[in-house]
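Dear colleague,

Please find below the sequence and the structure that I am handing over to you. My notes on them follow.

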Amino acid sequence: MTNPHIGNTGVNFDDEESRQCFLAGLVIRSLSISTSNWRCTQTLGDYLAERNIMGIYDVDTRAITRRLRQDGSLIGVLSTDESKTDEELIKTSRTWNIVGMDLISGVSCEAPYEWVDRTNSGWDFNFSGRNEETFLVVAYDFGIKQNILRRLVSYGCKITVVPSTWPASETLKMKPDGVLFSNGPGDPSAVPYAVETVKKIIGKVPVFGICMGHQLLGQALGGKTFKMKFGHHGGNHPVRNLRNGRVEISAQNHNYAVDPNSLPEGAEVTHVNLNDGSCAGLAFSQLKLMSLQYHPEASPGPHDSDPVFGEFMQLMKQEQQKA
């Protein structure tokens with residue numbers, strides 16, 4: 001965490017976005033000695049300890065930030081084994097590489113399940129433009145955030161969540177109105193099975209890709225993805241919607257991006273990250289396809305991008321009308 005003071009709000013189970021915490025380790029500068037948020041049910045330290053997740057504080061995270069800003073993403077090692085020497089830890093760091101590593105298989109669900117929860121009324125601010133129709137959506141779980149599912153249900157979707165390895169043929173047998181390819185960690189080039197699945201589905205039904213799903217769609221269209229210098233992480237990333245000129249403040253968390261120059265004719269870049277000009281959204285009207293590189297569900301983050309769920313509903317509605 002680049003913010004120096006962490007833990008003063010504590011944690012609560014309502015804000016969890018997956019079935020378990022997949023974090024491997026947490027590095028911070030200053031750990032708060034007390035919590036003061038009214039929603040807090042547990043301290044950060046207790047939360048990590050219960051889940052056997054390593055954490056370390058009193059680290060100069062600003063110095064690390066300056067190093068990463070200059071050199072790009074670097075590999076670090078966190079260990080509780082005091083017998084290991086610095087040289088051994090450095091050797092360990094040099095044998096690990098995120099490039100080419102399949103990280104989504106370890107965070108995906110193991111079997112299909114139905115998702116029915118919608119956004120709690122106390123948090124659901126966007127009632128306008130809702131569809132009365134119910135759309136059947138199959139959501140591929142590459143590490144899916146639960147509030148994405150809640151937003152889809154709130155917009156009028158009946159959702160079946162499937163594992164990352166679920167065959168495209170089985171998805172199409174379910175006759176969905178649309179397919180969601182979710183967010184997830186790691187290198188899209190390391191999961192060619194997921195790219196092949198996407199290839200077999202696009203053009204058949206409307207699809208919506210978010211984050212990892214966006215990158216997989218880029219590859220499935222024949223484009224290339226590349227590892228960024230240090231990725232986009234955290235909130236307050238400005239993105240321009242090129243279709244309406246609107247600037248959205250977004251939450252992002254990814255290390256890879258789609259190279260727009262590698263995309264085929266017909267693919268449209270719909271959103272651009274204003275910090276570095278990278279591709280932040282795609283559309284391909286002929287293939288009934290849309291995607292975003294960032295997280296539109298506002299968990300965490302602003303609500304600026306929530307209307308994109310309505311756009312997905314409209315895409316499915318148009319396809320129904322054609323039939």
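An unreviewed UniProt entry lists residues 1-79 as "domain: Carbamoyl-phosphate synthase small subunit N-terminal". Please note that the model is predicted.

**Helix 6 and helix 7**

Two packed helices are described by the angle between their axes and the distance between the axes. For helix 6 (residues 192-201) and helix 7 (residues 212-220), the axes come within 9 Å and cross at roughly 70°. Angles of 65 to 115 degrees count as roughly perpendicular, and helix 6 and helix 7 are therefore roughly perpendicular to each other. On the helix 6 side, the contact involves Ala194, Val195, Val198 and Lys199; on the helix 7 side, Leu216, Leu217, Gln219 and Ala220 take part. By class, this contact comprises six nonpolar residues, one polar and one charged.

**The second largest pocket**

The second largest pocket holds about 230 Å³ of space. It is lined by 17 residues, of which Arg243, Ala283, Leu289, Met290 and Glu311 are the closest to its centre. Two or more lining residues come from each of strand 12 (268-273), strand 13 (279-284), strand 14 (289-292) and helix 8 (307-322). The lining of this pocket divides into eight nonpolar, seven polar and two charged residues.

With kind regards

Note on methods: Residues are numbered from 1 along each chain as its sequence is written. This is a predicted model: local features need pLDDT of at least 70, side-chain atom pairs count only at pLDDT 80 or more; totals for chains, interfaces and linings use all residues. Side-chain values use heavy atoms; hydrogens and water are left out. Axes are lines fitted to C-alpha atoms, for helices over the stretch in contact, and angles run from 0 to 180 degrees between N-to-C directions. Helices (H or I, at least four residues) and strands (E, at least two) are DSSP runs, numbered from the N terminus. Angles under 35 degrees count as roughly parallel, over 145 as roughly antiparallel, 65 to 115 as roughly perpendicular and the rest as oblique. Contact means heavy atoms within 4.5 Å. Ala, Val, Leu, Ile, Met, Phe, Trp, Tyr, Cys and Pro count as nonpolar, Asp, Glu, Lys and Arg as charged, and the others, Gly among them, as polar. On a 1 Å grid over the protein atoms alone, a cavity is a set of points where a 1.4 Å probe fits but cannot get out, and a pocket is an open set with protein on both sides within 12 Å along at least five of seven lines; lining residues have an atom within 4 Å of a point. Grid points are joined across faces, edges and corners, and a volume is the space filled by probe spheres set on the points. UniProt positions are given in the numbering used here, feature names are shortened, and annotations may be inferred rather than shown by experiment.
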